[in-house]
Amino acid sequence: MDFDSADLKSCIRTLREIDFELAYLALLTCEGLKPLSRWEKPLDDQQLRLLQQLGLLTKQIRRTVKTGKEVVETIFSRLPAYIQLYERRFANTPIDKSAETQRFEGFLFGYPACCVDQYIRKPYTPNNIPPEEQKMLFHWACKDCKITPVLLPAYKRLHDFLNNY
Ligand SMILES: [Zn+2]
């Protein structure tokens with residue numbers, strides 16, 4: 001995707017001012033490196049519009065936590081089917097961290113299945129990814145991962161791009 005137009009630039013800058021991570025997730029999702037992303041902090045209508053201006057579909061999903069309290073998640077994607085898959089599976093459900101949920105989320109969020117499986121077995125097993133690169137990822141790379149090193153340059157490019165915008 002070409003982020004050079006003046007409109008998109010101001011949109012990305014504003015998102016970055018709100019939260020660097022939100023802007024980074026938005027770019028990764030625009031580029032398709034992540035089919036779908038989830039933002040767990042509240043977003044107002046103006047902030048949702050910024051994501052939409054980047055060409056992303058957004059949806060707010062109601063969930064509950066253990067205490068019964070309701071939380072609102074924002075999901076965004078370029079792909080209507082992924083928004084629907086998430087909504088059908090998770091809308092109005094309690095937040096859970098079961099292996100099944102982690103596998104499905106991993107699929108939606110673009111995490112390598114090898115890393116998700118390893119994380120379910122033993123989270124944060126030491127890997128060979130340099131810490132400053134691991135920080136650019138939203139999944140924990142598995143030991144000797146064959147996929148993450150292929151993904152990393154694309155993640156790093158967007159991360160650097162956003163830092164220097
Ligand atoms: Zn892996």
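## A walk through the predicted model

Let's start with a pair of helices: helix 5, residues 99-109, and helix 6, residues 113-121, pack at an angle of about 155°, and their axes lie 10 Å apart. This is a predicted model, by the way. An angle over 145 degrees counts as roughly antiparallel, so helix 5 and helix 6 are roughly antiparallel to each other. Their crossing is right-handed. On the helix 5 side, the contact is made by Ala 99, Gln 102, Arg 103 and Gly 106, while helix 6 brings Ala 113, Val 116 and Ile 120. Sort the residues of this contact of helix 5 with helix 6 by class and you get four nonpolar, two polar and one charged.

Now step back for the whole picture. The protein has eight helices and four strands. Read from the N terminus on, the elements run α-α-β-α-β-β-α-β-α-α-α-α. The C-alpha trace spans about 45 × 40 × 25 Å along its principal axes. How does the radius of gyration agree with that of a compact globule? With 165 residues, such a globule would have a value near 15 Å, and the protein has 16 Å, which agrees. Of those 165 residues, 26% count as buried. Contacts across the sequence are part of the picture too: among contacts with a separation of 6 or more, 57% come from residues 24 or more positions apart.

The axes of helix 1 (residues 6-18) and helix 2 (residues 20-31) come within 5 Å and cross at roughly 140°. That makes helix 1 oblique to helix 2. The residues that make this contact are Ile 12, Leu 15, Arg 16 and Ile 18 from helix 1, together with Phe 20, Leu 22, Ala 23 and Ala 26 from helix 2. By class, the contact of helix 1 with helix 2 has seven nonpolar residues, no polar ones and one charged.

Helix 1 has another partner as well. Its axis and that of helix 3 (residues 45-53) come within 10 Å, crossing at roughly 135°. Helix 1 is therefore oblique to helix 3. The crossing of helix 1 with helix 3 is left-handed. Here Asp 7, Cys 11, Thr 14, Leu 15 and Ile 18 of helix 1 meet Gln 47, Leu 50 and Gln 53 of helix 3. The class count for the contact of helix 1 with helix 3 is four nonpolar, three polar and one charged.

Most residues other than glycine have a negative phi. Asn 92 is not a glycine, yet its phi is positive, at about 60°. You'll find Asn 92 in the loop between helix 4 (80-90) and strand 4 (93-94). Asn 92 counts as exposed because it has 10 other C-beta atoms within 10 Å, and 12 or fewer is the cut-off for that label. Asp 144 is another case: it is not a glycine either, and it has a positive phi of about 55°. Asp 144 sits in the loop between helix 7 and helix 8 (148-163). With 11 C-beta neighbours inside 10 Å, Asp 144 counts as exposed.

One more loop is worth a stop. Thr 125 lies between helix 6 and helix 7 (131-134). Leaving aside residues up to four places away in sequence, Thr 125 touches Gln 118, Cys 142 and Lys 143. Cys 115 is 10 residues from Thr 125 along the chain, and their C-alpha atoms are separated by 9.9 Å.

We finish in helix 8, the place of Asn 163. Asn 163 is exposed, since it has 10 other C-beta atoms within 10 Å.

Note on methods: Residues numbered from 1 in each chain as written. Predicted model: local features only at pLDDT ≥ 70, side-chain atom pairs only at ≥ 80, totals over all residues. Axes fitted to C-alpha atoms, helices over the stretch in contact; angles between N-to-C directions. Helix = DSSP H or I, 4+ residues; strand = E, 2+ residues; numbered from the N terminus. Parallel < 35°, antiparallel > 145°, perpendicular 65-115°, else oblique. Left-handed = near helix turned anticlockwise from the far one by under 90°. Contact = placed C-beta atoms within 7 Å. Nonpolar A, V, L, I, M, F, W, Y, C, P; charged D, E, K, R; others polar. Rg over C-alpha atoms; globule rule 2.2 N^0.38 Å. Buried ≥ 20, exposed ≤ 12 C-beta atoms within 10 Å, placed from the backbone.
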